Amino acid sequence: MQPFTQRVIEIIKSIPEGHVMTYGQIARLAGSPRGARQVVRILHSLSRIHKLPWHRVVNAKGEIAIQDDESRMMQELYLQGEGVSVNHRGVIDLDKYRYVPEE
């Protein structure tokens, strides 16, 4: 496994319940500031294997970015179950719910 991939997995696993991080934020912390799309691919292909809390990752605007209606609804329900407010457009207030780990 590539070091970037391993670091992304570690970062996603560290997101506490009731918080979110953005794809770009995770990429930056993992050492690739322009690697947000790689984070998407890692989440898509490795979430089940590594039991990643995939639902805690959103886009830079705080939006649920999943296009599949069922998965989008699941993400919203999981987040709400953790106390994260999601508005009617699927947007999370990043100022309130973004997790910023200590570096």
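These legends describe a predicted model, first as a whole and then in close-up views.

Local features need pLDDT of at least 70, side-chain atom pairs count only at pLDDT 80 or more, and totals for chains, interfaces and linings use all residues. Residues are numbered from 1 along each chain as its sequence is written, and side-chain values use heavy atoms, with hydrogens and water left out.

View 1. The order along the sequence is α-β-α-α-β-α-α. Helices (H or I, at least four residues) and strands (E, at least two) are DSSP runs, numbered from the N terminus. The C-alpha trace spans about 35 × 30 × 20 Å along its principal axes. The radius of gyration is 13 Å, which agrees with the value near 13 Å for a compact globule of 103 residues. That radius is taken over C-alpha atoms, and the globule rule is 2.2 Å times the number of residues to the power 0.38.

View 2. The accessible surface is about 6600 Å². Carbon and sulfur atoms supply 48% of this surface. Areas come from the Shrake-Rupley method with a 1.4 Å probe; for residues, only the protein chains shown count as cover. Of the 103 residues, 43% are buried. Buried means under 20% relative accessible area, exposed over 50%, and partly exposed in between (1.4 Å probe, protein chains only). There are 14 positive and 12 negative charges, and their mean positions lie 6 Å apart. Lys and Arg count as positive, Asp and Glu as negative; His and the chain ends are not counted. Each charge is placed at NZ of Lys, CZ of Arg, CG of Asp or CD of Glu. Among contacts with a separation of 6 or more, 59% join residues 24 or more positions apart. Contact means heavy atoms within 4.5 Å.

**View 3. The aromatic pair of tryptophan 54 and tyrosine 78.** The whole structure holds 1 aromatic pair. The ring centres of tryptophan 54 and tyrosine 78 are 5.8 Å apart and the planes meet at 65°, so the pair is edge-to-face. Rings of Phe, Tyr and Trp (its six-membered ring) pair if their centres lie within 6.5 Å; planes under 30 degrees apart count as stacked, over 60 as edge-to-face and the rest as tilted. Tryptophan 54 sits in the loop between α3 (36–50) and β2 (57–58), and tyrosine 78 in helix α4 (residues 69–81), so the pair ties together parts 24 residues apart in sequence. Tryptophan 54 is partly exposed, at 24% relative accessibility. Tyrosine 78 is partly exposed too, at 38%. Beyond four places in sequence, tyrosine 78 contacts Trp54 and His55. Tyrosine 78 and glutamate 17 are 61 residues apart in sequence, yet their C-alpha atoms are 9.9 Å apart.

View 4. Lysine 51 is exposed, at 70% relative accessibility. Its phi is near 50°, a positive value in a residue other than glycine. Most residues other than glycine have a negative phi. Histidine 55 is buried, at 9% relative accessible area. Leaving out residues up to four places away, histidine 55 touches Gln75, Tyr78, Leu79 and Glu82.

**View 5. Threonine 22 in strand β1 (residues 21–22).** Threonine 22 is buried, with a relative accessible area of 3%. Residues up to four places away aside, the contacts of threonine 22 are Val57, Val58, Asn59, Ala60, Leu94 and Arg98.

**View 6. Phenylalanine 4 in helix α1 (residues 3–14).** Phenylalanine 4 is buried, at 15% relative accessibility. Outside four places in sequence, phenylalanine 4 meets Ala27, Ala30, Ser32, Gly35, Gln38, Val39 and Ile42. Proline 101 lies 97 residues along the chain from phenylalanine 4, with 17 Å between their C-alpha atoms.

**View 7. Valine 86 in the loop between α4 and α5 (94–97).** Valine 86 is buried, with 11% relative accessible area. Neighbours within four places aside, valine 86 is in contact with Ile64, Glu76, Leu79, Gln80, Val91 and Ile92. Valine 86 and proline 101 are 15 residues apart along the chain, and 22 Å separates their C-alpha atoms.
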